[in-house]
Amino acid sequence: MTLVIATATQTEMKAVLLGFNGRGRIGCNFPHAGEYCESPVNDHHCLLAVTGVGPVNAALSIGRILGERKDITGVLNLGVAGSFDLEQAPLGSVVAADSEIWPEYGLHTAEGIDPEGIKFPIWEYNGVDGPCPVWDRIELELQKAFRMLNLSPPKDLLRGASMTVSGVTGTEERARMLVERYKPLTENMEGFSLALACLQSGIPFLELRTVSNLVGSRRPEHWKLDDALQALGRHARELFV
């Protein structure tokens, strides 16, 4: 069994490894963007992968890994994210995605993007009730994934929908529009690609991110990246207890 631990950036991977602080031995040179290496973490055999930023990089990286390695049994996506609501997901809190949303797929209309407007789903799989098309949302089974990957939910873990974007939301107006239309809790740039790859491969996927900022705000008091990175390492360690 081999678990992929994927982060978008070296900065996030460094925070994860610092959080392990001896609980996970690093058995490889530190991976750069687009690279991965093998490393044991406690009793888990892992690949540490730095995908690069954004959904395209994430798709290319995980596709290459799954194509080259036939022993992958799951993917754990760790990193930082923005929160659409600091009361529900405060700065520094840890949130597990219970669904992944890609708001940029479909037909652009005057009323917004219609995910079914071009009539072709992103993917289709066989569910218990027959064919299940994937349009702009993937539902994630958190408890099942924790169990299958033999990982422990961190203390104070929050749950909510995560939205993957190609460009970070930079205005309050766009943030309000996304909340009204999609009801996300957090915003990221890689999760949907990784979740879709796992769905296609039939392996479990977990996405845990710590909140670094308020989505849509550029005010300094709404950005606590260093605190989020420290929290990321701490909660990463809790997963492997």
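In helix α4, which spans residues 172-182, the residues A175, L178 and Y182 are buried. These three cover an arc of only 65° around the axis, which means that they lie on the same side of α4. The model is a predicted one.

**Helix α4**

- The exposed residues E173 and E180 are carried by the face of α4 that is turned away from its buried side.
- The cover over the buried residues of α4 includes the strands β5 (94-101), β7 (112-114), β10 (137-139), β11 (158-164) and β12 (186-188).
- After α4 comes K183, which has a positive phi, near 60°.

- Strand β1, residues 2-7, is mostly covered, with 6 of its 6 residues buried.
- T2, V4 and A6 point one way from β1, while L3, I5 and T7 point the other way, and all of them are buried.
- Strand β4 (residues 72-83) pairs with β1 in the parallel sense, over 5 bridges.
- Strand β3 (residues 44-50) also runs parallel to β1 and is joined to it by 5 bridges.
- L3 takes part in both pairings: its bridge partner in β4 is G74, and in β3 it stands opposite C46.

**Residue H44**

- H44 belongs to strand β3, and its relative accessible area of 14% is under the 20% limit, so H44 is buried.
- A polar atom of the H44 side chain lies 3.4 Å from the backbone oxygen of L149.
- Leaving aside residues up to four places away in sequence, H44 touches S39, L149, N150, L151 and F240.

**Aromatic pairs**

- The structure holds 3 aromatic pairs.
- One aromatic cluster is formed by W102, Y105 and F192.

Conventions:
Residues numbered from 1 in each chain as written. Predicted model: local features only at pLDDT ≥ 70, side-chain atom pairs only at ≥ 80, totals over all residues. Heavy atoms only, no water. Buried < 20%, exposed > 50% of the residue type's maximum accessible area, 1.4 Å probe, protein only. Helix = DSSP H or I, 4+ residues; strand = E, 2+ residues; numbered from the N terminus. Arc of directions from axis to C-beta. Contact = heavy atoms within 4.5 Å. Pairing = 2+ DSSP bridges. Polar contact = N/O pair within 3.5 Å; in protein donor to acceptor, adjacent residues only side chain to side chain. Phe/Tyr/Trp six-rings, centres within 6.5 Å; stacked < 30°, edge-to-face > 60°.
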